[in-house]
Amino acid sequence: MSVVLETRGLTKAFGGLVAVNDVSFKLQKGELLALIGPNGAGKSTCFNMLMGQLKPTGGRVFLMGEDITGKSPRDIWRRGVGRTFQITATYASMTVIENVQMALLSHNRQVFRALPFAHRMHRARALELLGMVGMEAQAERHCAVLAYGDLKRLELAIALAHEPTLLLMDEPTAGMAPRERIALMQLTADIVRDQGVSVLFTEHDMDVVFAHAHRIMVLNRGELIADGSVDQIRNDPRVQEVYLGGGTVFKSEDEAADA
Ligand SMILES: Nc1ncnc2c1ncn2[C@@H]1O[C@H](COP(=O)(O)OP(=O)(O)OP(=O)(O)O)[C@@H](O)[C@H]1O
């Protein structure tokens with residue numbers, strides 16, 4: 001296995017508040033890694049440092065062994081780190097396929113040169129990407145009329161248009177119904193398996209995390225308190241104590257399957 005992403009002692013302080021404190025981890029190629037923790041644990045701050053939106057106050061970030069600490073978001077994106085957001089970022093006035101075509105034009109640095117012909121370019125690849133997320137049949141629909149779950153799947157296709165090595169997904173299932181959440185993460189897990197992409201995601205829904213993550217890291221008050229398999233995390237008393245303020249006992253695998 002090869003390491004795609006590594007942090008060493010990653011730290012971010014906002015004045016006196018240390019939001020992320022000395023966080024070190026590795027993400028292997030083809031891994032679907034969850035970063036969980038209660039509200040305010042530091043997950044978004046961590047993501048924003050990985051993506052270049054925030055500069056760390058300490059520590060380093062390595063992508064495929066290369067030090068990318070403090071690089072700009074655009075530079076990091078160009079190196080193959082894609083991102084999906086809590087709020088979908090699609091163009092409502094365009095059709096589904098046009099949104100993917102735009103992403104492909106952007107990936108190929110053709111946006112301005114090719115704009116008059118944009119609707120004709122990269123159609124085959126766009127349809128292929130829509131097929132990957134089960135949205136081929138909706139290619140000609142306008143984004144404004146799409147159901148929320150479909151918008152999230154389109155967002156995934158747009159992120160894949162950039163052929164990312166690593167995809168950062170910040171609460172990908174926020175605002176979705178439970179059944180849709182499981183479906184979107186199943187789709188993500190299939191893409192990880194079939195396309196060799198590596199994914200780091202944050203998620204509040206424990207059923208989603210336990211059902212799909214290959215490995216789970218737990219942040220609490222900026223510190224990484226656990227890093228292990230689904231079973232290790234489910235049974236870790238520190239995690240049960242700290243996560244959601246204590247008193248939480250996670251469902252066993254059998255109970256979760258029955259739910
Ligand atoms: N720009 C900022 N300035 C000051 N404090 C900040 C800033 N961004 C985040 N914080 C603080 O850092 C801590 C971690 O916040 P962060 O948003 O990273 O947590 P989180 O785990 O993503 O939370 P949530 O699950 O609620 O999204 C919080 O105490 C938050 O108030």
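**Contacts, burial and pairing in a predicted model**

Q: What makes a residue count as touching Met185, and which residues do?
A: In this predicted model, a contact needs two C-beta atoms within 7 Å. Leaving out residues up to four places away in sequence, Met185 touches Thr173, Val208, Ala211 and His212.

Q: Why is Met185 called buried?
A: The cut-off for a buried residue is 20 or more other C-beta atoms within 10 Å. Met185 has 26 such atoms within 10 Å, and is therefore buried. The residue sits in helix α7.

Q: How far apart are Met185 and Asp22 in sequence and in space?
A: The two are separated by 163 residues in sequence and by 29 Å in space, taken C-alpha to C-alpha.

Q: How is the chain divided into domains?
A: Domain 1 consists of 28-57 + 70-80 + 164-259, and domain 2 of 90-163. Nine residues of domain 1 and ten residues of domain 2 take part in the contact between them. On the side of domain 1 that touches domain 2, helix α7 (residues 178-195) gives the largest share, four residues. By type, the residues on that side of domain 1 are seven nonpolar, one polar and one charged.

Q: What makes helix α1 (residues 43-50) count as mostly covered?
A: Seven of the eight residues of α1 are buried. These are Lys43, Thr45, Cys46, Phe47, Asn48, Met49 and Leu50. After α1 comes Gly52, with a positive phi near 90°.

Q: Which residues are around the ligand, and what makes a residue count as near?
A: A residue is near a molecule if its C-beta atom lies within 6 Å of it. The residues around the ligand are Phe14, Leu17, Ala19, Gly37, Asn39, Gly40, Ala41, Gly42, Lys43, Ser44 and Thr45. Among the elements, β2 (17-28) and α1 each supply at least two residues of this shell, and α1 gives the largest share, three residues.

Q: How do the residues of the shell around the ligand divide by type?
A: There are four nonpolar, six polar and one charged. Gly counts as polar here.

Q: What makes a set of residues a nonpolar core, and which members of the largest one touch the most others?
A: Members must be buried nonpolar residues joined through C-beta atoms within 7 Å. The largest such core has 66 residues, and Val100, Leu130, Ala157, Leu168 and Val199 touch the most other members. Helix α6 (residues 148-161) contributes the largest share of this core, eight residues. At least three residues of this core come from each of domain 1 and domain 2. In soluble globular proteins, nonpolar side chains tend to be buried together.

Q: Which residues does Val199 touch, not counting those up to four places away in sequence?
A: Val199 touches Leu32, Leu33, Leu167, Met169, Thr188 and Val192.

Q: What makes strand β3 (residues 32-36) count as mostly covered?
A: Five of its five residues are buried. Leu32, Ala34 and Ile36 lie on one side of β3, and Leu33 and Leu35 on the other, so both faces are covered. In a regular strand the side chains alternate between the two faces of the sheet.

Q: How do you know that β3 and strand β8 (residues 198-202) pair?
A: Pairing needs at least two bridges between the strands. β3 and β8 have four bridges, in the parallel sense, and therefore pair.

Q: Why do β2 and β5 (66-67) stand at the edges?
A: The open sheet has four strands, ordered β2-β1-β4-β5, with antiparallel pairing. β2 and β5 each have a single partner strand, so one side of each lacks a neighbour in the sheet.

Q: How many bridges join strand β1 (residues 3-14) to strand β4 (residues 58-63)?
A: Five bridges join β1 to β4, and the two run antiparallel. The required number is at least two, so this counts as a pair. In β4, Leu63 is the bridge partner of Leu5.

Q: How many helices and strands are in the chain, and what share of its residues count as buried?
A: The chain has eleven helices and ten strands. Of its 259 residues, 39% count as buried. Among contacts between residues at least 6 apart in sequence, 65% join residues at least 24 apart.

Definitions and conventions. Residues are numbered from 1 along each chain as its sequence is written. This is a predicted model: local features need pLDDT of at least 70, side-chain atom pairs count only at pLDDT 80 or more; totals for chains, interfaces and linings use all residues. Domain bounds come from an automatic or database domain assignment. A residue is buried if 20 or more other C-beta atoms lie within 10 Å of its own, exposed if 12 or fewer, and partly exposed in between; C-beta atoms are placed from the backbone.
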